[in-house]
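Subject: Structure for you to look at

Hello,

Here is the structure I said I would pass on. Please open it beside this email and find each residue as you read.

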Amino acid sequence: MKLENTEVHSFFRLLSLCHTVMAEEKKEGDLLYQAQSPDEGALVTAARNFGFVFRSRTPETITIVEMGVQRSYDLLAILDFNNVRKRMSVIVRSPEGKLCLYCKGADTIVYERLHPSSNKLMDVTTDHLNGFAGEGLRTLVLAYKDLDEDYFKEWIQRHHEASTGLDNREEMLDELYEEIEKDLLLLGASAIEDKLQDGVPQTIEQLSKADIKVWVLTGDKQETAENIGYSCNMLREEMTEVFVVAANTAEEVGEELRNARRKMKPDGGEEPPFIKSGILGKKTKVVAEETVDGEYGLVINGHSLAYALEKSLQLELLRTACMCKTVICCRVTPLQKAQVVELVKKYKKAVTLAIGDGANDVSMIKAAHIGVGISGQEGMQAVLSSDFSFAQFRYLQRLLLVHGRWSYLRMCKFLRYFFYKNFTFTFVHFWYAFFCGFSAQTVYDEWFITLYNLVYTALPVLGMSLFDQDVNDRWSFQYPQLYVPGQLNLYFSKTAFVKCVMHSCYSSLILFFIPYAAMQDTVRDDGRDISDYQSFALLAQTCLVITVCIQLGLDTVYWTAVNQFFLWGSLSVYFAVTFTMYSNGMYLIFTASFPFIGTARNSLNQPNVWLTILLTSILCVLPVVAYRFILIQLWPTINDKVRFKVRQAKAAPPPAPRRDPIRRTSSRRSGYAFSHAQGYGDLVTSGRYLRRPALNRSVMFSPPGHQQGETASPQTYRTVQEQPRDAQAAP
């Protein structure tokens, strides 16, 4: 800069002009930039730090300060960024009247449009790009072109006609952009630090231990995607092989996928194994899991992925990808991200979760079963389209391994217990039907039938479904394998449902026949007969309530004061309501509604009745205790093993997880053009939200209450000399 090199000045002039950043100057020297993306803000800030300060813009002009001299450029056209072009250009007229096109974009895109005279500089720039990539930086190539006045007048006329046309507007504009963006002169390259959030490698490692398959769908180029894979510990040197699919035809893509599959499983069939799955006649084909020896990775670029997602190859892609430990799809469009998610949902019996932080992740988030948005500098579109949102990727492991697993465990326990207590309640009616001549007479009091699910057994199961946990969050992080039983549906499945029905059938037999045999020909201490229907009904329903409460206690692992209150409170309420409804007063007031007068005090004061209740409860829960004891001793689950370790450790916390250093590889990073959404060029040139700047006004371009760049968080820069901490650019 001190030597006043023309090319260096042109480099930073491009950074200060070729963008869609909005600037506010609340007071002189205090600039606030609102950028479409963090990269845009970093580049403009870098130019400012080297003396090229972007000050303001209108729909027709851009004002910058070049080495202390204020200059105003006429903004003639913005050739905006999109996912197909992967570059952005502006056409400006300098104060001297010189026309110039400035362009920035991904290296592979810009290199194709360079003039042959830039070949020597391109080789040097490529070496710089590789050096930047070795430091884990995101690269961008800059170029320019001087325009002829007559040619530009003719081109801008055609541009106006195309932009105002009604048919094929986008195609016509793309052709005009391609026409003028050629024979560019290379200026250099910039590099922006793209840090991983804290805990990303550790989170992915934890999810892998939990047998959760992580697929990366990114817009970055192949080398960048591989670099991210190694940085996140998804790709490792210890892997058996990493397959790279980068073919240009459908036949070549299919052949590479088949060769990769045959290497992983030589004895596998050519046709994918299907499992018929469905309910009520709606059969669906599900691709079965295939195990392989060793760990493999798959990297496929967007061009090959477009062929692989065709109907003839999509099953081959899914089958090969599912055999791999890591799958990375690079240079994919938002539509392709959604198509990959839909493919997994259609042919795999799996629950999909998509997590993203930008507007280009919205379609993927909506397509998945569960969508998670990360709030940050990329905007709020992903957050607004998601089911869950948080600020850091590392929070995903708490969402899945702790709260998600607890929620699944509680829901399964709730369903099993709910079926058990209601099937047991109903089966007692079934056995009683054989003794009442199938007359539809109920075995219980009508008030008990009404209050059984509403009052007597509602709160205990609710407390278990809200607070129960097998181990605390620290042990859940220490042993992510606890997540695996949920993936295998071990907690609630058809088998678990059948076991629940059989358990209910056994309990109902005990709850009916033991009280029936105990009450038959039984008399009180004073010689009066108590073997009547009302006394039997009271005894049966009392045994039922106590038994289901004991069963709930056996199912509860984590006891809290709320659980204790709900359980003992429900039993207390049962006896209180029973004695109240069976009292003389209720009978005298509502004679027809409370016919069981005196039954409670006449039956529950007899020792043999309480002995029957004790015997019935023991016989109901004894097989359950014995069965669980045998299972734990002979076939312990991962939950049983961890809980045993918890009991051994007592109050001692588990060891802290080891943080592995992030590894970098020297692969080029040029994913800038794939990491942004549609640009704001139309908004800038339309003038709908812009007005002439006034230095002494508090807001230069935005009306009160309006914030430009709604998809990005504003970036504040205090002094011109200040270096940005998280993002830097270099020529």
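This is a predicted model: local features need pLDDT of at least 70, side-chain atom pairs count only at pLDDT 80 or more; totals for chains, interfaces and linings use all residues.

Salt bridges

Side chains of opposite charge can pair when their charged atoms come close. The structure has 27 salt bridges. One of them joins Arg 13 to Glu 66, with 3.0 Å between the closest N and O atoms. Arg 13 belongs to helix 1 (residues 6–17) and Glu 66 to strand 4 (residues 61–66), so this pair links distant parts of the chain, 53 residues apart. Both Arg 13 and Glu 66 are buried.

A salt bridge also connects Glu 178 with Arg 87, at 2.9 Å from N to O. Because Glu 178 is in helix 6 (residues 169–180) and Arg 87 is in strand 6 (residues 87–93), the pair ties together parts that are 91 residues apart in sequence. Are these two residues buried or partly exposed? Glu 178 has 37% relative accessibility, so it counts as partly exposed. Arg 87 has 2%, so it counts as buried.

Further along, Asp 555 and Arg 628 form a salt bridge whose closest N and O atoms are 2.6 Å apart. Asp 555 sits in helix 21 (residues 533–555) and Arg 628 in helix 25 (residues 607–634), so parts 73 residues apart in sequence are tied together. Asp 555 is buried, with a relative accessible area of 13%, while Arg 628, at 32%, counts as partly exposed.

Some salt bridges share partners: Arg 87, Glu 112, Arg 113, Glu 178 and Glu 181 are joined in this way into one network.

Aromatic pairs

A search of the whole structure gives 39 aromatic pairs. In one of these, the ring centres of Tyr 408 and Tyr 491 are 5.7 Å apart and the planes are at 40°, so the pair is tilted. Tyr 408 lies in helix 15 (residues 395–433), and Tyr 491 is in the loop between helix 19 (484–487) and helix 20 (494–519), 83 residues apart. Tyr 408 is partly exposed at 25% relative accessibility, whereas Tyr 491 is buried at 14%.

Phe 425 and Phe 448 make another tilted pair, 6.4 Å from centre to centre with 35° between the planes. Phe 425 is in helix 15 and Phe 448 in helix 16 (residues 446–456), so the pair ties together parts 23 residues apart in sequence. Both of these Phe residues are buried. They also belong to one aromatic cluster, whose members include Tyr 444, Tyr 574 and Trp 610.

Regards

Conventions: Residues are numbered from 1 along each chain as its sequence is written. Side-chain values use heavy atoms; hydrogens and water are left out. A salt bridge is a side-chain nitrogen of Lys or Arg within 4 Å of a carboxyl oxygen of Asp or Glu. Helices (H or I, at least four residues) and strands (E, at least two) are DSSP runs, numbered from the N terminus. Buried means under 20% relative accessible area, exposed over 50%, partly exposed in between (1.4 Å probe, protein chains only). Rings of Phe, Tyr and Trp (its six-membered ring) pair if their centres lie within 6.5 Å; planes under 30 degrees apart count as stacked, over 60 as edge-to-face and the rest as tilted.
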